[in-house]
Amino acid sequence: MLRHLIFLILVVSTITRIYSQKKDFVITIKTNYGEMVAILYDETQKHKANFIKLSKEHYFDSLLFHRVISDFMIQGGDPNSKKAKPGENLGNGGPGYTIDAEFNPKLFHKKGALAAARTNNPEKASSGSQFYIVQGKKLSNSEANELNVDQSKLRQILQQFLNKPENGVIRDSLSNLYTLGSKDAFNQKLFSLIPRIEKDTGTKVTKDVPPEMVKAYTTIGGVPHLDGEYTVFGEIIKGLDVIDKIANLKKDASDRPLEDVRMFVSVKELTKKKITKLYGYHYPEVKK
């Protein structure tokens, strides 16, 4: 553990130095369905340093994408998958440590987002090696409106609002829409009530959402309900079609592909200018 911590500190130091020199790391994930190229975010230094460390050690080589769900994500990084037999249950392995969560509202679960898997723990600490890549699906305009609402807070206060005797008619109306399976109508009715719910309970559930987030979720798609729950620490900048190919494979009851999909991960240092030229990725401007 101490060796890992020292190495992590050294890698973070290296990343900081290279960042100041206008260079960055490019991650290439090779599979039998094609290659995916990723960059890792400087805002999530611990995750970036750890992923680069493991990649340089060839930790990920020959591991499987052991869990795939169409319109959702593909997951890998379990060391137990390297020699796993067909049908063997996977998803519990790791390097023996976790990484502190590094949430950032600017980093979200759009298609191609690279994020850390985790167990159910109060700190939302990430697995030391397991990760997933988002496929997701495009949101409709009405679904995009839901991004402006803190769903967790809304769930907490909704029952309080509906339990008031004077809101019985509203409760029955929502209940009928839910029973009929009218999801769009139910959501439209619920979200129209938000100003009243906020005033009645004294709790604000609406929030400001960056326009780039709305644009991404409605054009390329993603999985917004994972935002703030799992650390997003990078994104695929080439090979989004490979995600689709893997996510849509036939699988067993545990969501493991019937055909093994192995990964081989490598790291390369390039100037940011070169990365932009090769892959079309534009780095955000750094305020001086």
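**Exercise 1.** Which residues in H6 are buried?

*Solution.* This is a predicted model, where local features need pLDDT of at least 70, side-chain atom pairs count only at pLDDT 80 or more, and totals for chains, interfaces and linings use all residues. Residues are numbered from 1 along each chain as its sequence is written, and side-chain values use heavy atoms, without hydrogens and water.

Step 1. Helices are DSSP runs of H or I with at least four residues, numbered from the N terminus. H6 spans residues 183-192.

Step 2. Buried means under 20% relative accessible area, and exposed over 50% (1.4 Å probe, protein chains only). In H6, Phe186, Asn187, Leu190 and Phe191 are buried.

Step 3. Seen down the axis of H6, these buried residues fall within an arc of 120 degrees (directions from the helix axis to the C-beta atoms), so they line one face. Asp184, Gln188 and Ser192 are exposed on the other side of H6.

**Exercise 2.** Find how H6 and H7 pack.

*Solution.* Step 1. Axes are lines fitted to C-alpha atoms, for helices over the stretch in contact; angles run from 0 to 180 degrees between N-to-C directions.

Step 2. H7 covers residues 194-201, and its axis lies 5 Å from that of H6, at an angle of about 45 degrees.

Step 3. Angles under 35 degrees count as roughly parallel, over 145 as roughly antiparallel, 65 to 115 as roughly perpendicular and the rest as oblique. H6 and H7 are therefore oblique.

Step 4. Contact means heavy atoms within 4.5 Å. Leu190, Phe191 and Ser192 of H6 meet Ile194, Pro195 and Ile197 of H7.

Definitions and conventions: Helix = DSSP H or I, 4+ residues; strand = E, 2+ residues; numbered from the N terminus.
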